[in-house]
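Here are my notes for you, written as numbered points. Have the model open next to them and click along as you read.

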Amino acid sequence: MAYTTIHLVRHGQVDNPGHVVYERMPGFHLSGRGRRMAEATARFIASRSDMCAAAAIYSSPLERTQETAEAIIAAVNMQRRTGPLPPLHLHTDSRIIEAGNEFRGRRIGHGEGALWKNGNWRLILNLWRPSWGESYKAIAERVSDFVYEQVDRYPGGSVIAVTHESPIWSFRHMLEKGRPEHNMLLRRTALASVTSLTFEAGTHRVMNIAYCDPAAGIS
């Protein structure tokens, strides 16, 4: 029986001095620390034979995920340069983009546009159901569509996908608990972390879920 592993990588820290909910807004890039986080995770992936042998790498269309993916590609291709595997090239897929959020462009914690002012709090009364934007069900369904497509495309292989916190955790929660709804404050998806999901090819049955945080401690 063939098994396929999908490595879901969260992007590194974003340069956001204005504390804005940037959601899918363009122009938000990795900070200096975020680049170092991406490079730390890239080194980790390149050092792991199973990850370094990935058949493909995908990213959401946003700058922060593409920049994180480019760091991974550079490290992996350096490791593969003398071997039989061809170099990786980046593919983008909108199914693993950040969750839609009605707070986009607003500031967190201060100012008139803050989340807690002018009635905005009504959108966050229930942390299990994001009334502030795209539902966890919708997020998990689009990530599921992407993941199972890769499982079928690369039986016995692995794929790296650089994405965002909510898509990773909503899909993982659906696999583990049978439902995507969760408390957003209890997620375990650190910046530049790797959530590895191994599936039985053909049945889409999840066999193992592993998590690691290679960028922990990066300052």
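The points below go from the whole chain to the sheet, and then to single residues.

1. **Before you start.** What you see is a predicted model, so to speak of local features a pLDDT of at least 70 is needed, side-chain atom pairs count only at pLDDT 80 or more, and totals for chains, interfaces and linings use all residues. Residues are numbered from 1 along each chain as its sequence is written, and side-chain values use heavy atoms, with hydrogens and water left out.

2. **The parts list.** The protein chain has five helices and six strands. Helices here are DSSP runs of H or I with at least four residues, strands are runs of E with at least two, and both are numbered from the N terminus. Of the 219 residues, 48% count as buried; buried means under 20% relative accessible area, exposed means over 50%, and partly exposed lies in between (1.4 Å probe, protein chains only).

3. In what order do the six strands of the open sheet stand? The order is 3-2-4-1-5-6, and the pairing is mixed. Strand 3 and strand 6 are at the edges with a single partner strand each, so one side of each has no neighbour in the sheet. On average, neighbouring strands of this sheet are turned by 25° against each other, direction ignored; the axes behind such angles are lines fitted to C-alpha atoms (for helices, over the stretch in contact), and angles run from 0 to 180 degrees between N-to-C directions.

4. **How strands pair.** As a bit of background, strands of a sheet pair through backbone hydrogen bonds, either parallel or antiparallel. Two strands count as paired here if DSSP finds at least two bridges between them. Strand 1 (residues 3-10) and strand 4 run parallel and are joined by six bridges.

5. **Strand 2, covered on both faces.** Look at strand 2 (residues 56-59): Ala56 and Tyr58 on one side are buried, and so are Ile57 and Ser59 on the other. Four bridges tie strand 2 to strand 4 (residues 158-163), and these two run parallel. Ser59 has Val162 as its bridge partner in strand 4. Strand 2 also runs parallel to strand 3 (residues 90-92), with three bridges between them, and Tyr58 stands opposite His91 there. To get from strand 2 to strand 3, the chain passes through helix 3 (residues 63-80), in a right-handed β-α-β crossover. Right-handed means that, with the strands pointing away from you, the path from the first strand over the helix to the second runs clockwise.

6. **Salt bridges.** How many salt bridges are there? The count comes to 13, where a salt bridge is a side-chain nitrogen of Lys or Arg within 4 Å of a carboxyl oxygen of Asp or Glu. Asp93 and Arg95 form one at 2.8 Å, N to O, and both residues are buried. They belong to a network of salt bridges that links Asp93, Arg95, Asp145, Glu149 and Arg153. Glu134 and Arg142 meet at 2.9 Å, N to O, and Arg142 is buried because its relative accessible area is 14%.

7. In the salt bridge of Arg205 with Glu200, the closest N and O atoms are 3.3 Å apart.

8. Most residues other than glycine have a negative phi. His19, not a glycine, has a positive phi of about 55°. His19 sits in the loop between strand 1 and helix 1 (32-47), and is partly exposed at 44% relative accessible area. Ala192 also has a positive phi, of about 65°, without being a glycine. Ala192 lies in the loop between helix 5 (165-177) and strand 5 (194-200), and with 0% relative accessible area Ala192 is buried.
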